[in-house]
Amino acid sequence: MTQIFAYIPYKNGAAEDIALEFPSAAKKIDESASLTAVVTGSGADLDKVVEDMTGIYSEVIKVDNADLAYPNADVVRKALANIIPLDAIFLTAHDTFGMDLAPGLSVKMDSSYAADVVDFEGIDGTTLKAVRQELGGAVSTHMTIDIASGAVMTVRPGSFAPVEGGSAGGSVTDKSGDAGDLSAKRKFLEIVEAEVGDVDITKSDVLVSIGRGIEDEDNIEVAQELAEAMKAVVSCSRPIVDAKWLEKSRQVGTSGQTVKPKVYMAMGISGSFQHLGGVKGNPFIVAVNKNPKAPIFQVADVGVVEDILDFMPELTEAINDL
Amino acid sequence: MEILVCVKRVPDTAENEFELNGAGNDLDRDDLVYSVNEWDNYAVEEAIQIVDKVGGNVTVVTVGDDESEEVLRREMAMGANNGILLSDDAFEGSDGKGIAAILKAEIEKGSYDLIMTGAQADEGAGQVGGMLAAMLDMPYASLVNKIEVGDSKITVGREIEGGNQEMNEMQLPCVLSIQTGINEPRYVGIRGIRKVAKLDIPVKSASDLGVEGVGDAGAKTKRVDYFVPDLGDGAEMLEGSTDEIIEKLIEKLKAKGGL
Ligand SMILES: Cc1cc2nc3c(=O)[nH]c(=O)nc-3n(C[C@H](O)[C@H](O)[C@H](O)COP(=O)(O)OP(=O)(O)OC[C@H]3O[C@@H](n4cnc5c(N)ncnc54)[C@H](O)[C@@H]3O)c2cc1C
């Protein structure tokens with residue numbers, strides 16, 4: 001029987017949403033597989049999450065050790081390599097922790113590796129079929145993964161339907177004693193919080209958001225004029241911040257701000273999942289992009305294929321004339 | 001400090017509209033514009049800045065074909081001292097582990113204090129750095145957006161959710177994957193590339209490296225095909241003249257609270 005283990009990420013004693021998504025992912029791998037949640041950490045936060053997971057999973061493994069209090073991937077990896085059966089399927093989120101943990105774990109467990117899986121299409125013999133994306137979401141691919149000696153995989157948050165939790169009545173197995181030697185050559189020091197900027201884009205109902213399509217720092221003015229006309233605020237995708245054209249506090253996405261506007265104007269943004277991961281609350285999304293195949297058009301409500309450098313000034317003028 | 005940076009030649013997502021080939025099993029690669037992976041550029045810049053401060057050498061390495069030489073030269077024009085091309089028909093079809101195994105063989109021939117990769121490349125997997133570290137038994141940190149070099153240790157910041165930064169102390173040698181935004185990569189023009197055009201870039205084969213079991217036959221994870229998903233209806237595309245489009249858009253924005 002296929003054995004699947006899901007690593008539960010959490011913050012301040014609350015599991016991330018993906019804890020409710022792993023069960024759907026596991027079913028798509030193998031309807032009859034056993035599924036076990038794995039929670040590592042220390043103290044009250046750990047106990048709280050373990051307790052919550054018994055409502056979602058029938059089996060929960062708890063690993064309590066002071067060295068695991070902060071999830072340092074180099075330490076957690078050592079513990080997991082001792083606890084997870086080497087031929088099992090191990091799932092973790094494709095987030096900044098999963099990206100840190102999982103590739104190395106697949107080496108330590110001598111398992112196959114697949115990253116950022118968005119769908120599974122079942123097992124045939126010892127071959128698992130999965131779907132992932134490449135090139136910033138521009139194309140998808142089917143993958144075959146040989147699971148004969150196990151597999152480690154990261155799954156994209158939000159890609160599998162969340163299950164209803166609460167009543168699984170799961171049992172807890174304490175494997176703290178099996179964690180083994182947790183010494184590591186990487187030591188966690190502290191978290192430095194992101195700087196607060198001069199504008200709070202999370203408070204605005206309308207965002208004019210610019211991406212790499214703005215092409216040049218001088219062109220940002222064009223977006224600012226549109227934002228003024230719409231009584232909106234300018235936000236952006238990551239490359240604009242990387243180029244230091246706007247402050248980090250204006251960045252929308254998983255490594256930036258989570259926004260919940262009513263209207264989101266995506267101007268020259270391709271629509272990567274890391275960007276869209278910061279757009280919540282089901283806003284009305286308008287996408288303007290000169291590439292008719294840009295992935296953003298699959299999630300936008302309204303799309304326009306035009307050059308934003310021509311389109312934005314004309315839209316601004318038309319709005320100002322109203 | 002001896003620093004090795006692993007780089008990759010990739011289709012440029014900003015420059016291309018991707019189409020599938022006739023058989024649907026690959027991209028139509030005939031007219032694709034390639035460049036160095038965006039993340040790798042930041043890694044090379046960071047390596048150069050470290051060496052400028054504390055001394056040493058930056059070596060750039062790639063697993064690829066003849067055409068991959070151009071990305072090595074580009075990074076050498078930025079200031080990397082050496083380039084190495086790992087190339088062999090036997091490498092074709094390698095999965096992430098195959099690529100990591102090839103790089104590991106080369107790394108073990110040298111003596112590096114710091115090994116860097118980009119946080120991810122065209123496949124969006126972000127796997128080679130973490131695999132390399134595990135194969136070499138070195139500490140690893142991904143998504144690094146700050147590095148401070150000390151004596152036998154370095155302090156690194158990792159970018160985590162919400163743009164917060166996780167600070168770690170790492171012992172050397174170690175492997176880091178570099179996130180965009182850590183620095184501002186310097187510009188290289190045609191002249192810069194011309195200057196390094198004559199520099200020797202050694203090419204190493206599977207037998208030079210002594211690696212086996214990589215390539216398609218050794219790959220446990222394989223791409224079967226490419227496809228463009230049909231995600232339902234998608235956006236309602238506004239068509240017509242720009243004036244007509246703007247008129248329709250304004251009506252919609254008014255209805256949805258955008259104006
Ligand atoms: C761990 C991690 C975290 C990340 N976090 C974030 C995050 O928080 N936020 C984020 O945004 N990204 C994030 N990224 C980066 C993300 O993967 C993408 O690289 C990024 O979102 C791309 O930004 P973009 O859409 O502006 O650029 P591109 O993908 O380059 O797209 C530019 C678009 O503009 C169009 N265009 C170009 N010129 C014009 C023009 N003149 N008129 C109209 N359209 C034009 C192009 O057709 C293209 O579709 C993260 C990546 C990683 C690995």
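Ten strands, written 10 in the count, form an open sheet in the order β12(A)-β9(B)-β8(B)-β7(B)-β10(B)-β6(B)-β1(B)-β4(B)-β5(B)-β11(B), with mixed pairing. Its edge strands, each pairing on one side only, are β12 (186-192) of chain A and β11 (203-204) of chain B. This is a predicted model, in which local features need pLDDT of at least 70, side-chain atom pairs count only at pLDDT 80 or more, and totals for chains, interfaces and linings use all residues. Residues are numbered from 1 along each chain as its sequence is written, chains are lettered from A in the order in which they are written, and side-chain values use heavy atoms, without hydrogens and water.

**Inside the sheet**
- Strands here are DSSP runs of E, at least two residues long, and helices are runs of H or I, at least four, numbered from the N terminus; two strands pair if DSSP finds at least two bridges between them.
- Strands β7 (140-149) and β10 (174-178) of chain B pair in the parallel sense over 3 bridges.
- Look for A141(B), whose bridge partner in β10(B) is L176(B).

**Where the chains meet**
- The contact (heavy atoms within 4.5 Å) takes 80 residues from chain A and 79 residues from chain B.
- The rule finds 8 salt bridges across this interface, a salt bridge being a side-chain nitrogen of Lys or Arg within 4 Å of a carboxyl oxygen of Asp or Glu.
- R186(A) and E166(B) meet through their side chains in a salt bridge (3.0 Å, N to O).
- On the side of chain B that touches chain A, α7(B) gives the largest share, 10 residues.
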